[in-house]
Amino acid sequence: MIDTGRLGLGTAPLAGLYEPVDDDTARRVVDRALELGIRYFDTAPYYGSGLAERRLGTALRAVPRDRVVVSTKVGRLLRPGASGWTGAYFDFSLDATLRSLDESLGRLGLDRVDIALVHDPDDHYEEALAGALPALARLREEGVVRAIGAGMNQAEMLSRFVRETDIDCVLVAGRWTVLDRSAGEELLPLCEERGVAVIAGGVFNSGVLAGGDTFDYERAPNGVVARVEQLRETSARHGVSLPAAAVQFPLRHAAVVSVLVGCRTAEEVAEDVHLAGLELPPALWSELG
Amino acid sequence: MIVDAHQHFWDPARAEYPWMTGAFAPLHRRFGPSELEPLLREYAIDGTVVVQARPSLDETRELLELAGTTPFVLGVVGWVDLAGDVTAQLERLEGPLVGVRHQVHDEPDHDWLLRPDVQPGIAVVGEAGLAYDLLVRTRELPAALETARRHPNTTFVLDHVAKRPREDAAWAAGVHALAATPNVVCKLSGLFTEWAPADTAARALEWFGPERCMFGSDWPVCLLACEYQDTLSVVESALGKLSASERAHVLGETAARVYSLDRQGTRA
């Protein structure tokens with residue numbers, strides 16, 4: 001698998017996932033990430049209907065291409081209406097996949113991406129199996145991309161892809177975190193056995209582990225809030241902040257090659273890099289399980 | 001210097017644009033200089049070439065007038081009746097006319113360019129020192145190739161890389177053949193509205209070389225599939241490995257040379 005480094009930048013917040021981010025702020029996020037040694041950037045057409053790809057591409061324009069690893073996704077085509085962008089339409093067919101990836105290159109201003117992921121095919125498994133994955137396999141053969149996989153907020157279907165296709169990696173969001181270990185049951189052991197690389201995203205579970213009140217992109221339910229409080233207390237007993245534990249936890253599994261953090265500001269990038277570099281006491285992990 | 005070698009202005013309230021139906025319906029409103037100007041400033045574009053959008057001498061005159069009052073417009077690719085007295089029509093036009101175009105791909109006859117009443121008109125365009133813009137799709141490529149060969153001293157500009165279709169074998173063969181004709185240059189424009197924009201930019205650049213490629217946005221038609229910025233980025237995606245001087249050709253110098261924009265005076 002490609003050397004992504006242990007920490008990568010997720011770019012959904014660059015396009016204003018939770019609140020608007022202006023061009024300059026977005027630019028500073030990527031610049032700071034590069035300064036602090038981050039080399040892996042994950043994006044998607046869906047994030048801000050092309051805005052995240054545009055902003056990432058602009059920020060990377062002057063960076064030697066071999067210095068960075070870029071992943072983007074397929075499965076939604078962007079089509080504007082009469083009054084600007086109306087949005088992203090699910091399409092996991094072979095043609096739409098080829099078109100989507102080529103349009104992403106156009107928005108990014110890059111001649112290749114390193115990793116292409118099928119994005120959220122939750123309700124489109126058969127279509128992705130028949131269209132998107134063969135298309136990505138062809139692009140991998142042609143050298144347009146180096147690695148292919150799927151990126152989802154669930155572990156079960158990712159396991160099916162690992163078993164039934166020839167993918168190189170999976171991006172699992174929110175299901176392998178200090179709070180939600182569901183990917184640990186089947187997906188991670190399977191990936192380890194098959195040599196499929198795991199990229200862990202959503203490691204703060206949409207913010208609830210970083211002091212926010214959002215879980216799975218929505219307001220966190222009470223049970224989740226209580227569990228988070230327990231985790232916070234346990235971490236505190238070991239002199240560790242919960243966000244530090246959250247950033248480092250996913251990398252403890254051998255199948256996980258990289259953790260993605262989504263940042264809205266350059267300060268958040270610096271904070272996450274700091275958290276990822278802290279040395280945490282082994283006793284913390286035995287207690288957190 | 002960065003030149004957007006292909007953009008349009010129109011006002012459907014003042015004239016008919018018969019092609020603005022179906023998928024093109026969102027374009028059925030006024031697009032003028034005041035809407036393009038902030039985009040040019042934001043992306044550091046120094047000037048543009050405005051291109052005809054209806055077969056009318058009135059439009060050509062309007063665009064030439066607009067160029068006179070719009071500092072960033074460096075040249076006009078206008079329409080003249082190629083089957084009529086082209087010399088007389090050109091003599092009556094005043095302003096920075098740099099090329100001529102006819103919407104050939106909307107003609108029922110795919111050999112329209114080869115018609116005996118059209119060919120002499122194309123010759124006059126070349127003799128007047130103007131470029132001829134080829135607006136063709138795959139089915140008109142053979143006629144375009146034959147035309148370029150018959151007029152070796154005229155510079156032909158292939159618009160939108162001949163609008164690549166999904167089934168692209170005949171398109172690729174036709175464009176490749178045009179690229180082997182030295183008096184044809186290629187506009188890297190209109191890419192997002194057709195199949196595989198980044199790959200098309202890369203292939204056209206490989207076939208024609210940077211000295212025979214020029215960037216064009218095809219604004220506002222591009223807005224059907226992308227934003228203005230993407231039309232530049234997709235060209236960037238193909239320029240990655242090129243030297244600074246090669247990039248300069250694609251981003252402005254080829255357009256300046258082919259359309260003699262320097263002679264018109266850079267007023268941006």
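**View 1. Where chain A meets chain B.** Chain A places 18 residues in contact with 17 residues of chain B (contact: C-beta atoms, placed from the backbone, within 7 Å). Helix H2 (51-60), strand E4 (76-81) and H3 of chain A each supply at least two residues of the side that touches chain B (helices, H or I of at least four residues, and strands, E of at least two, are DSSP runs numbered from the N terminus). H3(A) gives the most, with 8 residues. By class, this side of chain A has 5 nonpolar, 4 polar and 9 charged residues (Ala, Val, Leu, Ile, Met, Phe, Trp, Tyr, Cys and Pro count as nonpolar, Asp, Glu, Lys and Arg as charged, the others, Gly among them, as polar). The model is predicted: local features need pLDDT of at least 70, side-chain atom pairs count only at pLDDT 80 or more, and totals for chains, interfaces and linings use all residues. Residues are numbered from 1 along each chain as its sequence is written, with chains lettered from A and ligands numbered from 1 in the order written.

**View 2. H3(A) across H8(B).** The axes of H3 (residues 94-108) of chain A and H8 (residues 228-239) of chain B come within 6 Å and cross at roughly 100° (axes are lines fitted to C-alpha atoms, for helices over the stretch in contact; angles run from 0 to 180 degrees between N-to-C directions). H3(A) is therefore roughly perpendicular to H8(B) (65 to 115 degrees; under 35 is roughly parallel, over 145 roughly antiparallel, the rest oblique). A:Leu105, A:Gly106, A:Arg107 and A:Leu108 meet B:Asp230, B:Ser233, B:Val234 and B:Ser237.

**View 3. H7(B) against H8(B).** H7 (residues 197-208) of chain B packs with H8(B) at about 50°, axes 8 Å apart. The two are therefore oblique to each other. Their contact has 8 nonpolar residues, 1 polar and no charged.

How values were computed
Contact = placed C-beta atoms within 7 Å.
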